[in-house]
Every structure is written in structure tokens, then in C-alpha cells.
Amino acid sequence: MNELNKIVIPNISFVDEKTKDVALSGIARNSAVAMSTKGLLRRNNELLDYIVDETLKAIEPSVVILYNVAVNSHRLKNVIERIENANATVVMPPKKLLVRNRILEAD
């Protein structure tokens with residue numbers, strides 16, 4: 001909590017060891033964190049795996065809020081399984097872009 005008595009959920013994003021240290025510093029173990037898969041499921045598989053694995057190892061989050069716009073992705077299912085296997089709860093808020101992608105996929 002900060003001085004305004006509000007809870008802040010950090011959005012985790014980094015690209016290498018140097019930015020990882022900054023991105024994960026100051027986040028309490030077992031806290032809730034947020035991540036986005038946007039663009040990472042297709043373009044950069046290794047980076048998404050790196051972000052997930054390093055976050056799970058360093059923070060051991062209790063909850064991961066996963067922002068996603070992919071439809072029926074095998075890679076997404078793998079990411080969710082890895083998070084759940086680390087004893088964290090995955091929450092995926094509904095997104096208009098995901099709904100749109102589901103409609104387009106059905107056509």
C-alpha cells in the first residue's frame with residue numbers, strides 16, 4: 001500500500017538481465033503481479049518464457065493477472081500451466097481485443 005491507501009499491482013516487463021533486476025526489485029514475495037502476453041506469444045517465444053520463469057523464481061507470486069489477446073494458443077496454455085504449477089492463481093480479465101479475435105477466428 002502507498003500513502004493513499006491504494007493497492008498497486010506491478011506490471012512485469014523486461015528484456016534482459018539488467019532490466020530484469022530493475023523490474024523485479026522492490027516487489028514483495030507472494031504478492032500479486034500482472035503480465036501481458038501481447039506480441040510475445042508469436043514474435044518472441046524465448047522472451048516470454050524468460051519473463052515468466054524469472055518472475056516466478058524471484059517473486060513467487062500468489063496471483064498473476066495475465067493480459068492476453070491470443071485465441072486458442074498452445075503457448076498460452078503452456079504459460080498458464082507453468083504459473084499454476086508454481087502455486088500461483090492465474091486471473092485473465094476480459095478484453096475487447098480478445099473478444100474481437102475470437103469473432104474473427106470463428107469466421
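How many aromatic pairs does the structure hold? The structure holds one. Notes follow, point by point.

1. **Basis.** This is a predicted model, in which local features need pLDDT of at least 70, side-chain atom pairs count only at pLDDT 80 or more, and totals for chains, interfaces and linings use all residues. Residues are numbered from 1 along each chain as its sequence is written, and side-chain values use heavy atoms, with hydrogens and water left out.

2. **Aromatic pair.** The partners are Phe-14 and Tyr-50, with ring centres 5.6 Å apart and planes at 80°, so the pair is edge-to-face. The rule: rings of Phe, Tyr and Trp (its six-membered ring) pair if their centres lie within 6.5 Å; planes under 30 degrees apart count as stacked, over 60 as edge-to-face and the rest as tilted. Phe-14 sits in the segment before helix H1 (17–24) and Tyr-50 in helix H2 (residues 45–59), so the pair ties together parts that are 36 residues apart in sequence. Phe-14 is buried at 2% relative accessibility, while Tyr-50 is partly exposed at 24%. Here buried means under 20% relative accessible area, exposed over 50%, and partly exposed in between (1.4 Å probe, protein chains only).

3. **Layout.** The protein chain has four helices and three strands. From the N terminus on, the order is α-β-α-β-α-β-α. Helices (H or I, at least four residues) and strands (E, at least two) are DSSP runs, numbered from the N terminus.

4. **Strand pairing.** S1 and strand S2 (residues 63–67) pair in the parallel sense, over five bridges. In that pairing, Ala-32 stands opposite Val-63 in S2. S2 and S3 also run parallel, joined by three bridges. There, Val-64 stands opposite Val-90 in S3. Pairing requires that DSSP finds at least two bridges between two strands.

5. **Val-90.** Val-90 belongs to strand S3 (residues 89–91). Its relative accessible area is 19%, so Val-90 is buried. Beyond its neighbours within four places in sequence, Val-90 is in contact with Val-64, Leu-66, Ile-80, Ile-83 and Glu-84. Contact means heavy atoms within 4.5 Å. Val-22 lies 68 residues away along the chain, with a C-alpha separation of 24 Å from Val-90.

6. **Ser-36.** Ser-36 is in strand S1 (residues 32–36). Is Ser-36 buried or partly exposed? A relative accessible area of 33% makes Ser-36 partly exposed. Not counting residues up to four places away in sequence, Ser-36 touches Asn-11 and Tyr-67. Ser-36 and Asn-11 are 25 residues apart in sequence, yet 7.9 Å apart from C-alpha to C-alpha. A polar atom of the Ser-36 side chain lies 3.1 Å from the backbone nitrogen of Lys-38.

7. **Thr-37.** Thr-37 falls in the loop between S1 and H2. With a relative accessible area of 2%, Thr-37 is buried. Its side chain makes a polar contact of 2.8 Å with the side chain of Asn-68. A polar contact is a pair of N or O atoms within 3.5 Å; within protein, one must be able to donate a hydrogen and the other to accept it, and residues adjacent in sequence count only if both atoms are side-chain atoms.

8. **Ends of H1.** At the start of H1, a side-chain oxygen of Asp-16 comes within 3.3 Å of the backbone nitrogen of Lys-18. Just after H1, Gly-26 has a positive phi of about 80°.

9. Most residues other than glycine have a negative phi. Asn-30 has a positive phi of about 65° although it is not a glycine. Asn-30 is in the loop between H1 and S1 and is partly exposed, at 49% relative accessible area. Asn-87 also has a positive phi, near 65°. Asn-87 lies in the loop between helix H3 (74–85) and S3 and is exposed, at 69% relative accessible area. Both backbone angles deserve a look in the model.

10. **Overall dimensions.** Of the 107 residues, 35% are buried. Among contacts between residues at least 6 apart in sequence, 74% join residues at least 24 apart.
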